[in-house]
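Hi everyone, thanks for making time.

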There are 2 protein chains.
Amino acid sequence: MGSKTIAKAVNDPDETGSDDGALGDGVRQSSGQKVYTLLREQILSLELAPNTELDEVQFSRELGFSRTPIREALIRLASDSLVVLAPNRGARVAPLDLDQVPQVLEALELYERATTRWAALRRQPVHLALLEQRNREFAVACETEDPRVIVEANWAFHDAINQACGNKYLAADCSKMLRGVMRLSLLAFRQSDAQLSSYDVIEQHREMIEAIRSGNADLAEELVYQHSDEFRDRMKTFVAGTSTADFSLVGRRG
Amino acid sequence: MGSKTIAKAVNDPDETGSDDGALGDGVRQSSGQKVYTLLREQILSLELAPNTELDEVQFSRELGFSRTPIREALIRLASDSLVVLAPNRGARVAPLDLDQVPQVLEALELYERATTRWAALRRQPVHLALLEQRNREFAVACETEDPRVIVEANWAFHDAINQACGNKYLAADCSKMLRGVMRLSLLAFRQSDAQLSSYDVIEQHREMIEAIRSGNADLAEELVYQHSDEFRDRMKTFVAGTSTADFSLVGRRG
DNA sequence: AAAATACAATGTGTATACAGATTTTTGAGT
DNA sequence: ACTCAAAAATCTGTATACACATTGTATTTT
């Protein structure tokens, strides 16, 4: 890379919406960035329940910032589809529509099969190392038995596959999709505490890593398909068994 | 859809970043929305060249709005990866990095094959009608011989496939990717006026529509692959033949 | 008593003022 | 003449004030 670099991106997925944002080197974070990070955490962890109204003035009092950086954060969160803005009528946490879960899972399947396949085709030592580290961290996270921690660690593992796929555009889209699904996953975890065997998951992750390491793209794709298919089944069961009343009780602040 | 609708989205691609934005019914558009739409138009049409510095105060004078709605627009554009924000050092139009074109095209190929395949599997009369209309509009656009118009119409056709795929998450991602590529396409169109035969393109579009209509997913996928492969070849030729000096001359305002 | 309308309260949208950061200019020292 | 430093200018980041839209309420009218 770099010889013919005239400029930078067609659709650069970094820089803006990806992760903690422009932390850069040290500590100096703008207020807007802080608010954005904070709210995003709370939304993804369901501390802020879907559909919760987000009042600008209330936040400005609670958080000690003026409305300006809060509006800024809300706009960015809306671009991430984590918040819905209604013109002149405020913002609310993006609702979870169980009707659309099938579409979400369908797209996610496509993305994950592709990232895993490409990761196997391009296997880089750095990425393999990261995958193993993330799987170890996942194992540790499972010990805690805290859904929040487990789901986050699982996301981190799957995101490592994205990074390994060698295409940052697909990686960014897949990563975003996964984040959205994690919110659902966390919800399912809480509702039905259908304890899935974490040993199985860790082992499946391990197999995927090996398939990627050996460059066996077909196998890697098949494994991630099976792996996430189990997840899809759990999600479908969850959706089928969830009523409106049940759902509205979930995710209250406390 | 609709029976179990508790809420709305995991990662709803509408609402926020998609198109003209919340126009809703009538005319009332917020200033921020106007600025966003305007700047996006100018960036996508290369009126605002890649890497152009975007000064908030300058825009506020030129456009007659205060800095607030302009900042709002810039933040949204940054989330769309059309603008790059440097903390405390302003905004600029997202650069085009020719080094990353291969990655962009790779992701786009995946997305378009999937959308076309799924469109063929789900063929709805409404969507087929839209496809034909868009291809007719594309034919009309070709008459104008204005690259801007042709490229836009071509985008609209391919976006109709996205809408027909029945998965709004994939559709949104593919649509976004296509938009980014159109900027490249327009650039290539200007540089090397390698006039591709518009009749061929229209005919290829027609074949794709028929494959979708007949529900032949494999054929549809193959056709869109070939179709966009020609495009990829043109892009690669363009990238190979473009030097920094050439590029920096392109897209100046005037 | 019900419906409609005017009014008050609340909250978003925008403008402006101020504070902090960055870059440029200017001036002293070598 | 060149270098470095200090100050000014410029621009971003944030706070605040005001204008407008929406919503709920109370009063009036039928």
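By contact I mean heavy atoms within 4.5 Å. Where pLDDT is low, the predicted coordinates should not be read in detail.

Quick housekeeping. This is a predicted model, where local features need pLDDT of at least 70 and side-chain atom pairs count only at pLDDT 80 or more, while totals for chains, interfaces and linings use all residues. Residues are numbered from 1 along each chain as its sequence is written, chains are lettered from A and ligands numbered from 1 in the order in which they are written, and side-chain values use heavy atoms, with hydrogens and water left out.

Let's look at chain A as a whole. You get 10 helices and 3 strands, taken as DSSP runs numbered from the N terminus, with helices being H or I of at least four residues and strands being E of at least two. Reading from the N terminus, the order is α-β-α-α-β-β-α-α-α-α-α-α-α. Of the 254 residues in chain A, 52% are buried. Buried here means under 20% relative accessible area, exposed means over 50%, and partly exposed is in between, with a 1.4 Å probe and protein chains only. If you take contacts in chain A between residues at least 6 apart in sequence, 73% of them join residues at least 24 apart.

Now the DNA, starting with strand D. Which residues sit closest to DNA strand D? Out of 18 residues that surround it, the closest are Ser31(A), Ser66(A), Thr68(A), Arg67(B) and Arg71(B). Near, for us, means that a residue has a heavy atom within 4 Å of the strand. Sugar and phosphate make up 67% of the atoms of DNA strand D that come within 4 Å of the protein.

Bases get touched too. Asp55(B) instead puts a polar side-chain atom 3.3 Å from a phosphate oxygen of DNA strand D. In terms of elements, H1 (31-44) and H3 (67-79) of chain A, plus H3 (67-79) of chain B, each supply at least two residues of this surface. H3(A) gives the most, with 3 residues.

DNA strand C is surrounded by 18 residues, and the closest are Arg71(A), Ser31(B), Ser66(B), Thr68(B) and Arg89(B). What do the contacts with DNA strand C look like? Thr68(B) has a polar side-chain atom 2.8 Å from a base nitrogen of DNA strand C. For Ser31(B), a backbone N or O atom lies 2.4 Å from a phosphate oxygen of DNA strand C. Arg89(B) reaches a phosphate oxygen of DNA strand C as well, with a polar side-chain atom at 3.1 Å. The largest share of the surface near DNA strand C comes from H3(B), with 3 residues.

Arg183(A) is in helix H7, residues 168-191, and it's buried, with a relative accessible area of 0%. A polar atom of the Arg183(A) side chain lies 3.0 Å from the backbone oxygen of Ala94(A).

Ser81(A) is in the loop between H3 and strand E2 (83-85) of chain A. Phi of Ser81(A) is near 65°, a positive value in a residue other than glycine, and Ser81(A) counts as buried at 3% relative accessibility. Over in chain B, Leu46(B) lies in the loop between H1 and strand E1 (53-54). Its phi is near 70°, again positive in a residue other than glycine, and Leu46(B) is buried at 1% relative accessible area.

Technical notes
Polar contact = N/O pair within 3.5 Å; in protein donor to acceptor, adjacent residues only side chain to side chain.
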